[in-house]
Amino acid sequence: MTETKKKLLVINPNTNKEMTAVIEASVNGTLAACGHVLEATTVRADQGVASVEGSFDEVVSAYWTLEKAVPLLPEHDGVLVACFSNHVAVKALREYTHKPVMHIMEAAILQALPLGARFSIITDSNHWRPLLEEGVQSVLGSMERCASVRSAGMTALDTVTLSQDEIIAKLVDAGRAALDDDGAEVLILGCAGLAQTKERMVAILGVPVIDPVAAGVTAMLGPIISNLSTSSIGMYTPLPPRPDEVCVPSPGIMKAYHASN
C-alpha cells in the first residue's frame, strides 16, 4: 500500500497572483529537488493587500491569512507563511494549531548561519530595514551574525512588475555594497517575490544567496516528517473557546473561536 504523503500549506499573505506564482514555482522546484517527500498547496489571501509594504499592511494581511489558513489546516501537516517578515500570523497560527508553523524570514536566517560568519538581507524598500533588523533580533536574540539589511530601492510589488534585468541590477548593487562595505559573506533575498533571482545573483556575485521560500520549504520538512508539534505550554498555549465574545464576518476566523457558524 502506498503511504499517503504529508502535506505542507504555503500561504502568500498578499493577494497578488504573480507573486503567488513565483512562490509556487520555488516551492515546487524545492520539493522536486528533495524527491517529493512532501506535497504542497500554495495559496494566497483572498482579500487584503496586493503587497505587504510595512507594519500596517502586515496586520491587515494577517487577518486574511488566518481566514485562509484555518479551514485548510485539517488537510495539511504544517504551514509556511511566505512573507519575509516576523509575520504576526505565525504566532497566531502557532497558538491555534499544534502543527508546525514558520515564516520564511526565520527559515532563511537559519539556513544562512552555517554558510558564513555573517549574512546580509537584501530587502526591497528602505521602509523594511528597521522592521527586518527588529525581526533578526527576534529570531536570533542578537544582531551579531547580521552584517546589514540593505535596500534595493523597490517596493514588494516591483519584484513581480519590473523586468528581471531591472530587478537584478538593483539587487546586485545592494548585494555588492553588503559584501564590500558591510562584511557579509552570505546574502538573503528579503522578499518572497525575489525567489526567482537566486541563480543569477549567485552567478554574478559568487557567494551563497538564500531563496527564502526554498529555505522555508526545507526548514519545514524536518518537523513535518518527524511528526513534531508546537508546544502547548507557555507562549502558544491554546486559548479556550470563546465564540460568544467574538463577532467578525469571516467564517474561518470564527471557526478558530469554535463558533457554530
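This is a predicted model: local features need pLDDT of at least 70, side-chain atom pairs count only at pLDDT 80 or more; totals for chains, interfaces and linings use all residues.
Q: Where is His103 found, and is His103 buried or exposed?
A: Burial is judged by relative accessible area, and buried means under 20%. His103 is found in strand β4, which spans residues 101–103. With a relative accessible area of 3%, His103 is therefore buried.

Q: What is His103 in contact with, leaving aside its neighbours within four places in sequence?
A: The residues in contact with His103 are Leu80, Val81, Cys83, Ser85, Asn86, His87, Val90 and Val139. One of them, Asn86, is also joined to His103 by a polar contact of 3.0 Å between the two side chains.

Q: How is the packing of α4 and α5 described?
A: Two packed helices are described by the angle between their axes and the distance between the axes. Here helix α4 covers residues 104–112 and helix α5 covers residues 128–140. They pack at an angle of about 65°, and their axes are 10 Å apart.

Q: Which residues make the contact?
A: From α4, the contact is made by Met105, Glu106 and Ile109. From α5, Leu132, Gly135, Val136, Val139 and Leu140 take part. By class, the contact of α4 with α5 has 6 nonpolar residues, 1 polar and 1 charged. Val139 of α5 belongs to this contact, and Val139 is also in contact with His103.

Q: Where is Lys5 found, and how exposed is Lys5?
A: Relative accessibility between the buried and exposed ranges, under 20% and over 50%, counts as partly exposed. Lys5 is found in the segment before β1 (7–12). At 39% relative accessibility, Lys5 therefore counts as partly exposed.

Q: What is Lys5 in contact with, beyond its neighbours within four places in sequence?
A: Lys5 is in contact with His36, Val37 and Glu39. For His36 there is a further detail: its backbone oxygen lies 2.7 Å from a polar atom of the Lys5 side chain. As for Cys146, which is 141 residues from Lys5 along the chain, the C-alpha atoms of the two are separated by 36 Å.

Q: What is the phi of Asn227, and where does Asn227 lie?
A: Asn227 has a positive phi of about 60° although it is not a glycine. Asn227 lies in the loop between α8 and α9. Its relative accessible area is 55%, so Asn227 is exposed.

Q: Where is Glu245 found, and is Glu245 buried or exposed?
A: Glu245 is found in the loop between α8 (212–225) and α9 (251–256). Exposed means over 50% relative accessible area. Glu245, at 61% relative accessibility, therefore counts as exposed.

Q: With which side chain does the side chain of Glu245 make a polar contact?
A: The partner is the side chain of Arg242, at 3.0 Å. Glu245 and Tyr257 are 12 residues apart along the chain, and their C-alpha atoms are separated by 9.0 Å.

How values were computed
Residues are numbered from 1 along each chain as its sequence is written. Side-chain values use heavy atoms; hydrogens and water are left out. Helices (H or I, at least four residues) and strands (E, at least two) are DSSP runs, numbered from the N terminus. Buried means under 20% relative accessible area, exposed over 50%, partly exposed in between (1.4 Å probe, protein chains only). A polar contact is a pair of N or O atoms within 3.5 Å; within protein, one must be able to donate a hydrogen and the other to accept it, and residues adjacent in sequence count only if both atoms are side-chain atoms. Contact means heavy atoms within 4.5 Å. Axes are lines fitted to C-alpha atoms, for helices over the stretch in contact, and angles run from 0 to 180 degrees between N-to-C directions. Ala, Val, Leu, Ile, Met, Phe, Trp, Tyr, Cys and Pro count as nonpolar, Asp, Glu, Lys and Arg as charged, and the others, Gly among them, as polar.
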